[in-house]
Amino acid sequence: MPARSKSFLEAADRVVVGGEYPAIDGGVAVAAEGIENEEVCRLVWGEGVPPERTVWLGFSQGACLVTEWVARHPARWGGLVALTGGHIGPPGPIRSIAGAFEGMPAYFGVAIGDEWVPLERVQESASMFARAGAHVHLEIFPSDRHEIRPDETAAAGRIIGALGA
């Protein structure tokens with residue numbers, strides 16, 4: 001098994017979610033159809049990396065996709081790092097995750113005034129993961145900038161570093 005491995009996915013036409021979060025009703029919204037892609041599984045498990053050593057990380061649309069993917073595939077993952085993003089779906093009652101994360105570390109970071117990602121969506125996501133047994137850290141920044149901050153990269157580094165070599 002490799003000590004470290006990394007895989008990157010790119011969305012078709014480099015756009016995943018346009019405008020508001022799409023609704024999920026009876027299936028998968030068009031904007032989110034790529035998260036069930038078998039390529040994800042082949043990339044991750046094809047290299048022999050077990051779930052407990054796999055950290056899902058994304059920024060903005062990427063954070064939305066990894067958050068949604070991990071919510072649909074609960075396990076004791078190595079971690080989730082959602083930088084300015086949350087689960088995909090309509091606003092409203094927080095849905096339940098069918099499974100448990102068994103203490104998986106999950107980090108959510110967001111700016112309080114980010115025009116692209118509503119603070120409430122990230123808070124809902126953090127709550128949803130905590131209720132499913134993740135050890136959640138939510139960090140809210142007093143800013144309106146849509147960016148990755150040094151505190152967020154440090155949090156990601158801590159989660160990845162905790163896995164050891």
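Trainee: Which residues form the nonpolar patch on the surface?

Mentor: This is a predicted model: local features need pLDDT of at least 70, side-chain atom pairs count only at pLDDT 80 or more, and totals for chains, interfaces and linings use all residues. Numbering starts from 1 along each chain as its sequence is written, and side-chain values use heavy atoms, leaving out hydrogens and water. A patch takes residues with over 30% relative accessible area and no salt bridge, joining like charges within 9 Å and nonpolar side chains (Val, Leu, Ile, Met, Phe, Trp, Tyr) within 5 Å; a salt bridge is a side-chain nitrogen of Lys or Arg within 4 Å of a carboxyl oxygen of Asp or Glu. The nonpolar patch is made of Ile112, Leu138 and Ile140.

Trainee: How much accessible area do Ile112, Leu138 and Ile140 have together?

Mentor: Areas come from the Shrake-Rupley method with a 1.4 Å probe, and for residues only the protein chains shown count as cover. For the three together, the value is about 230 Å².

Trainee: What is the relative accessible area of Ile112?

Mentor: Ile112 sits in the loop between strand 3 and helix 3 (119–131). Helices (H or I, at least four residues) and strands (E, at least two) are DSSP runs, numbered from the N terminus. Buried means under 20% relative accessible area, exposed over 50%, partly exposed in between (1.4 Å probe, protein chains only). Ile112 is exposed, at 52%.

Trainee: How many bridges join strand 3 to strand 4?

Mentor: Strands pair if DSSP finds at least two bridges between them. Strand 3 and strand 4 (residues 135–141) run parallel.

Trainee: Which residue in strand 3 stands opposite Leu80?

Mentor: Strand 2 and strand 3 (residues 105–111) run parallel, joined by four bridges. Opposite Leu80 stands Ala106.

Trainee: Why is strand 2 largely enclosed by the rest of the structure?

Mentor: Side chains in a regular strand alternate between the two faces of the sheet. In strand 2, Gly79, Val81 and Leu83 point one way, Leu80 and Ala82 the other, and all are buried. Strand 2 (residues 79–83) is therefore largely enclosed, its buried count being five of the five.

Trainee: What is the handedness of the crossover from strand 1 to strand 2?

Mentor: Strand 1 (residues 55–59) pairs with strand 2 in the parallel sense over five bridges. The chain passes from strand 1 through helix 2 (residues 61–72) to strand 2. A crossover is right-handed if, with the strands pointing away from the viewer, the path from the first strand over the helix to the second runs clockwise. This β-α-β crossover is right-handed.

Trainee: Where is Glu102, which has a positive phi of about 50°?

Mentor: Glu102 is not a glycine, yet its phi is positive. Glu102 is exposed, with 58% relative accessible area. Its place is the loop between strand 2 and strand 3.

Trainee: What are the centre distance and plane angle of the Trp56 and Trp69 rings?

Mentor: The structure holds five aromatic pairs. Rings of Phe, Tyr and Trp (its six-membered ring) pair if their centres lie within 6.5 Å; planes under 30 degrees apart count as stacked, over 60 as edge-to-face and the rest as tilted. Trp56 and Trp69 are both buried. Their pair is tilted, with values of 4.4 Å and 35°.

Trainee: How many residues apart in sequence are the parts tied together by Trp56 and Trp69?

Mentor: Ring pairs link Trp56, Trp69 and Trp77 into a cluster. Trp56 lies in strand 1 and Trp69 in helix 2, so their pair ties together parts whose separation in sequence is 13 residues.
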